[in-house]
Amino acid sequence: MRTIILVFTFIYFNSFSQNLETKAKKSLNLLSLTTSYSYLNYELFHGISYTHHFPLFSASFGLQTAVKTLYSAQKFFPETNCSFVFRLIDKNTFQFGPSIQYNMCNQKVKVWHLYNDLLLGYSLFYGKRIQFFHTAGIGPFWETFKSDKNERYSIRSTNFNLKIGLSYAF
Amino acid sequence: MPFRLLYFLVLLLLSCSKKEDFSEVQVIGHAGMGLEMPNSIFHDNSMEAIELALTIPGSNGVEIDVQMDLNGRLWLFHDELLNEETNGINCIPSNTSEYLKTLRYSSLKQEKLAELCQIPFHNFEDKSFFLDLKTWNKCAESSVSAEDFKAALLAINLPNKCNIILSDPSWIPFFIDEFNVYFASDDFQNAKIILTDEPMIKGFIIRSAVINKSQVNEIIAQNKKIYLFEIRSPKGVKSALQKRPSGIISDDLRAAISAVSN
């Protein structure tokens, strides 16, 4: 019984404590410059992302390119990603919560290799007009490519991703 | 205006890349998908890493480390001591096949220790195999028998004229007739002497960082092949390729293939 009361209290304070005015305030758009490190890709990705803070959660969409591959090998290694963050702690200048992130990237290694990962982790935002954000996640990773014999080859592993960024709210 | 500037910067970046043709340089996977690469999906010298390296389009083959156990069976393992990378103890030459069959790497996927005879050579007939023979038994502080090692290799259905890498010059006469022998050393001058003394040696294996382009050309002028190793980044790949060796034994196989297949 105590657990049930505790869970309901927790949900009440985290989800329904904001009045409509506060909720309206929290809906804002952010444009960010991002840098992320993908452990299995052994790469640093730089790019831009767009985030929308809904009253309870944030959704973002980003485009990035791998830096090492671009500068050392003059090859384009693009990544697209989207993420959702449930803002468990939502103070005036600080937000924190669990996140789910999906990344997809394509690399030309004679043939195209497709990398997908689905990461669970956390995100935090700090600031008002200019916000700093950080996301970390861990989860399954798939690499898919076509072999010389034209057979589809797929490998599964566990990836880890760290992301930081600087956003401007408008 | 900002978009024009961005467009100009992208054009500038792309125009700076001078494309060179490295298609004649072979790309070999070091211990499969790279030796001691923390981000590698599979452990070095595991069957999974070797099969992946042989399957990736653009890879010309693999270099693998071979050690012989007490029963004369051949295992793929790089280090001298088992406890550094597996759940086993002591060294491969001082353990039995039965014991080694039970061992697994201490990695995320916990791959089994692989035997040389498990490699499906017939599925990869167009690929090159370089077997780096580990001759030293650290646990007994002695060298294993070259004759026994050769007999163990000949008992396996290896591809025709398999490539053998030796760093102990005294082992060369045992293998030179049946295999393509490559001499491995970090000492370029010593290697030149060995290559002159043993005209049947196919080529030379050396760390990329300790050799320059003119030294590579010297070896090629002797009608020998030269392979560079310890290449762990796109920058290292580029630097190694510019020396124009016969091949590179890369720890970052994807970066190496990507650079060669411009």
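1. B:Arg244 counts as partly exposed because its relative accessibility is 26%; the term covers values between buried (under 20% relative accessible area) and exposed (over 50%), found with a 1.4 Å probe and protein chains only. B:Arg244 lies in the loop between α8 and β12 (247–250) of chain B. Helices (H or I, at least four residues) and strands (E, at least two) are DSSP runs, numbered from the N terminus. Although B:Arg244 is not a glycine, its phi is positive, at about 55 degrees.

2. The structure is a predicted model, in which local features need pLDDT of at least 70 and side-chain atom pairs count only at pLDDT 80 or more, while totals for chains, interfaces and linings use all residues. Residues are numbered from 1 along each chain as its sequence is written, chains are lettered from A and ligands numbered from 1 in the order in which they are written, and side-chain values use heavy atoms, with hydrogens and water left out.

3. In chain A, a positive phi is found at A:Tyr42, a residue other than glycine, with a value near 55 degrees. A:Tyr42 belongs to the loop between β1 (28–38) and β2 (43–53) of chain A. With 25% relative accessibility, A:Tyr42 counts as partly exposed.

4. The side chains of B:Asp186 and B:Arg207 are joined by a polar contact of 2.9 Å. A polar contact is a pair of N or O atoms within 3.5 Å; within protein, one must be able to donate a hydrogen and the other to accept it, and residues adjacent in sequence count only if both atoms are side-chain atoms. B:Asp186 sits in the loop between β9 (180–184) and α6 (188–197) of chain B and is partly exposed, at 39% relative accessible area. From B:Asp186 to B:Ile211 the C-alpha distance is 8.6 Å, across 25 residues of sequence.

5. B:Asn71 is placed in the loop between β2 (61–68) and β3 (74–76) of chain B. Its contacts, apart from neighbours within four places in sequence, are B:Thr96 and B:Ser97. A polar atom of the B:Asn71 side chain lies 2.8 Å from the backbone nitrogen of B:Ser97.

6. The contact between the chains takes 29 residues from chain A and 28 residues from chain B. About 2,400 Å² is buried between them, 60% of it from carbon and sulfur atoms; buried area is the accessible area (1.4 Å probe) that two parts lose on being put together, summed over both. Of the area that chain B buries against chain A, B:Asn39, B:Pro57 and B:Arg254 supply 25%, more than any other three residues.

7. How many salt bridges are counted between chain B and chain A? The count is two, a salt bridge being a side-chain nitrogen of Lys or Arg within 4 Å of a carboxyl oxygen of Asp or Glu. A:Asp148 forms a salt bridge with B:Lys127, with the closest N and O atoms 3.4 Å apart. On the side of chain B that touches chain A, α2 (47–55), α8 (234–241) and α9 (253–260) of chain B each supply at least two residues.

Methods. Contact means heavy atoms within 4.5 Å.
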